[in-house]
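Here are my notes on this model, for reading alongside the coordinates. Please check each point against the display.

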Amino acid sequence: MIGMELTKQEQAMLDGKEGYAVCKSMEILVALGEIFGAKSLIKVGSVQVAGVSYQNLGDAGLEFLNELAVDGRVRVLTTLNPAGMDLENWQQLGISPEFAEKQNLVIDAFRRMGILISCTCTPYLIGNLPLYGEHLAWSESSAVTFANSVLGAKTNREGGPSALAAAFVGKTPNYGLHLDENRVPDVHVQVNAELTKLSDWGALGYAIGKKAENKIPYITGIKSVELDDLKSFCASVVTYGTKPLFYMKGVTPGAESQNQPKNTVTIEQSDIKNAYDNINDEVSDIDFVCVGCPHCSIKEIQEIADLINGKKVVEGTELWVATSRTAKQLADKRGYTATIEAAGGKFACDTCMAVAPLKGRFKALATTSAKGCFYSRQSLMKTKMGSMKECVDAAVTGKWNS
Amino acid sequence: MEQLKGRIIYKGKAEGEALVTEMPISFYGGVDPNTGVVIEKGHQLNGQSVKDKILVFPQGKGSTVGSYTLYRMKKNGTAPTGMINKECETIVAVGAIISEIPTVDKVDICKIKTGDKVAIENDTVRLRQ
């Protein structure tokens, strides 16, 4: 029945010789390998696990994690996606004690498994940095896209249990984006638009996502780009429709050895404007400003601190800076944290607007992130997307002014 | 008695009454894990319970959190007894494995009608119409 070739050790794992968690993990990996036609398992360099927020896991998810945590221990570097709250500062963010208690039990289960408790969608900024060509089992869609397209690593988009399974076995089935034949670009995207601010990259992701749905774009015409732009673009392009892999000429390692597809679509200034029009709602009063989807880099935190220095977040509006704990620690040392908090801003480490239990708390969000707008609709917020300066202005005035 | 062969997603034996749909199912958001009732708007099975049924559907869809929903249904006693798919995908496969629900795919599901008595044994599906 099994079409996949297993080594003796892998077979023993499947037969339960290395305990319950490894056995369950092998069942998952073999079933997925069978479904997608993998011939074997391959070693992974690291794992990034989604399904961390108690809001998405519920009690059943927690129970499942506790069962695995009895004898499941990770064999490779493994980090986590954002949780449903700041693990240290949840009270200040208005999270209920009941939610916090459950969320902490989830985190404890992951800790027992040997996972690094760093809850972030930017693992590549905090020490989980893949190499070119390295195989991974990562979950978070923006991080998967970044790993594949900016770093040139190879990973499918895993669900929570399949990522955990890969961590306990140290391997993943060899299919999908692990195979070069499935990494060939199939649409050429010529960008003729000028991109001048961070949110333009989110808008570009929206525009390309819509025009290249479920495809692998080969992107030309990008004149210059920075790390934070790519971080935002990766989150947006996959949220709005492409596969979690693109080639950007001059950026993606290995792009030069791929053929430019003949089928071409262009992105004009009007497409960028159209993206803003679609993402932005008619709303002028802003009660929630959240930046950091994906999590803010230290450079972005510096920018926020510079913009808000000496000002005050207006009453009735909250400003959240979502970031990794590692970036926050750097910000603490540089004084950025003190500046932002003195202005009334709050840090939301380990969590973000997409996974925190925010439904009903806020009416209108201002953010730099196209992905953030997409997920905040689930929490019934109206959305406005703009530059870091526009967002900080909205926090200070409670209004969107553009 | 008709016999169909498929591919094992999760091994084991299960018996029950078939509940059949031609539409993919999203367990996360589409099925109430407390009752087992399908709640997705516009779904063929809307309002019907999958509890203790042999659930026959082409494949899963939607969020990967759906795997955890199946697990939650199993713990709540609202899960299907067994599942038969046309072409299983990640969400249902992982859900079946972690919840230990006997599941087969690559079965010609058109041959199964709601109300049929169905028995799954590993890769074999037996029907009594």
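Predicted model: local features only at pLDDT ≥ 70, side-chain atom pairs only at ≥ 80, totals over all residues.

The points below take the interface, then the helix packing inside chain A, then some local features.

1. Extent of the interface. Chain B brings 21 residues into contact with 21 residues of chain A. The two chains bury about 1,900 Å² between them. Carbon and sulfur atoms give 68% of that area. On the chain B side, B:Tyr68, B:Tyr71 and B:Ile97 supply 34% of what chain B buries against chain A.

2. Polar side of the interface. The rule finds four salt bridges between chain B and chain A. It also finds seven residue pairs in polar contact across the interface. Strand 2 (7-10), helix 2 and helix 3 (90-99) of chain B each supply at least two residues of the side that touches chain A. That side of chain B divides by class into twelve nonpolar, three polar and six charged residues.

3. How do helix 3 of chain A and helix 2 of chain B pack? Helix 3 (residues 54-69) of chain A meets helix 2 (residues 66-76) of chain B at an angle of about 90°. Their axes are 8 Å apart. Angles of 65 to 115 degrees count as roughly perpendicular, so this pair is roughly perpendicular. Chain A contributes A:Leu57, A:Ala60, A:Gly61, A:Glu63, A:Phe64, A:Leu65 and A:Glu67 to the contact. From chain B come B:Tyr68, B:Tyr71, B:Arg72 and B:Lys75.

4. B:Lys75 and A:Glu67 form a salt bridge, with the closest N and O atoms 3.2 Å apart. Both residues also belong to the helix contact of point 4.

5. Helix packing within chain A. Which residues of helix 7 and helix 9 of chain A meet? From helix 7 they are A:Ser199, A:Asp200, A:Ala203, A:Leu204, A:Tyr206, A:Ala207 and A:Lys211. From helix 9 they are A:Asp271, A:Ile272, A:Ala275, A:Tyr276, A:Asn278 and A:Ile279. By class, this contact has eight nonpolar, two polar and three charged residues. The axes of helix 7 (residues 198-211) and helix 9 (residues 269-279) come within 8 Å and cross at roughly 95°. These two helices of chain A are therefore roughly perpendicular to each other.

6. Salt bridges overall. The count over all chains is 33. One of interest joins A:Glu140 and A:Lys371, at 2.9 Å from N to O. This pair links distant parts of the chain, 231 residues apart. A:Glu140 sits in the loop between strand 4 (137-138) and helix 5 (141-151) of chain A. A:Lys371 is in helix 13 (residues 370-376) of chain A.

7. Backbone details to check. The peptide bond from A:Cys293 to A:Pro294 is cis, with omega near -5°. A:Pro294 lies in strand 10 (residues 288-296) of chain A. A:Asp350 has a positive phi of about 65°, although it is not a glycine. A:Asp350 is placed in the loop between strand 12 (346-349) and strand 13 (364-367) of chain A.

Methods
Residues numbered from 1 in each chain as written. Chains lettered and ligands numbered in written order. Heavy atoms only, no water. Axes fitted to C-alpha atoms, helices over the stretch in contact; angles between N-to-C directions. Helix = DSSP H or I, 4+ residues; strand = E, 2+ residues; numbered from the N terminus. Parallel < 35°, antiparallel > 145°, perpendicular 65-115°, else oblique. Contact = heavy atoms within 4.5 Å. Buried area = accessible area lost by both parts, 1.4 Å probe. Salt bridge = Lys/Arg side-chain N within 4 Å of Asp/Glu carboxyl O. Polar contact = N/O pair within 3.5 Å; in protein donor to acceptor, adjacent residues only side chain to side chain. Nonpolar A, V, L, I, M, F, W, Y, C, P; charged D, E, K, R; others polar.
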